[in-house]
Amino acid sequence: MELSNRFRVFAKSLFWFTTAVMIALVIMVLTFAVSPDFAKSTLMRNAPDDLTILVPPTTATVYALLASGCVALGLQFFVLWNMRALFRLYAQGQALSAACGGHIARIGAGVIAIPFAGVFYDAMSSFLLTRHNPPGQGEVSIGIQTTSIGLMVGGGMLLLVGAAMLEASRQADENRSFV
């Protein structure tokens, strides 16, 4: 299947955009790591309204939050890396290959896992941000949002599409070997 030039240019643009997003995420994490005061103010501004933070976070708390956030960040990088590779293949004109199917399946698996990492991070951050509250006033919040459910369903669909593409590619290779 030949991809149109327009499609390939769009894929190349998405490749570079995904690269820029990955670089921005690294810069953001490094900024938080080297500037804990900036991280503290950002955390306080973005903390859930229903979370009762009576004692401002310490620098150790900021680093603990960064460490616990690395699980979600790692999954996001996994998904972005595979998207970037998929866009590169599309830009090169490949669309229905085993490599594309593999990337799509891995993207799906990552998208399924991201909401679970979000639940973990939300629970850890609520605990870490309230652990210095007076005794009995610490909090741990665990919840799942409707967007997380949508991500899991969408990720499952991508996983199945990728697996189907891998199987179709395998079948096509097998058929070609008989001819």
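Predicted model: local features only at pLDDT ≥ 70, side-chain atom pairs only at ≥ 80, totals over all residues.
I started with the largest nonpolar core, which has 14 residues; Leu86, Tyr90, Cys100, Ile104 and Ile107 touch the most other members. I then looked up where this core comes from: α1 (5-34), α3 (59-91) and α4 each give two or more residues. The largest share is from α3, with five residues.

Next I picked Tyr90 and listed its contacts. Leaving out residues up to four places away in sequence, Tyr90 touches Leu3, Phe7, Arg8, Ala11, Ala95, Cys100 and Ile104. I also found another core lying apart from the largest one; this other core has 11 residues, including Val62, Leu65, Leu66 and Leu128.

I sorted the contact of α3 with α4 by class and got 25 nonpolar, eight polar and one charged residues. For handedness, I have α3 passing α4 in a left-handed crossing.

Last entry: α4 (residues 98-130) against α5 (residues 146-178). I get axes that come within 7 Å and cross at roughly 160 degrees. That makes α4 roughly antiparallel to α5. What does the contact of α4 with α5 have by class? I count 18 nonpolar and eight polar residues there, and no charged ones. The crossing of α4 past α5 is left-handed.

Definitions and conventions
Residues numbered from 1 in each chain as written. Heavy atoms only, no water. Axes fitted to C-alpha atoms, helices over the stretch in contact; angles between N-to-C directions. Helix = DSSP H or I, 4+ residues; strand = E, 2+ residues; numbered from the N terminus. Parallel < 35°, antiparallel > 145°, perpendicular 65-115°, else oblique. Left-handed = near helix turned anticlockwise from the far one by under 90°. Nonpolar A, V, L, I, M, F, W, Y, C, P; charged D, E, K, R; others polar. Core = buried A, V, L, I, M, F, W, Y, C linked by side-chain atoms within 4.5 Å. Buried < 20%, exposed > 50% of the residue type's maximum accessible area, 1.4 Å probe, protein only. Contact = heavy atoms within 4.5 Å.
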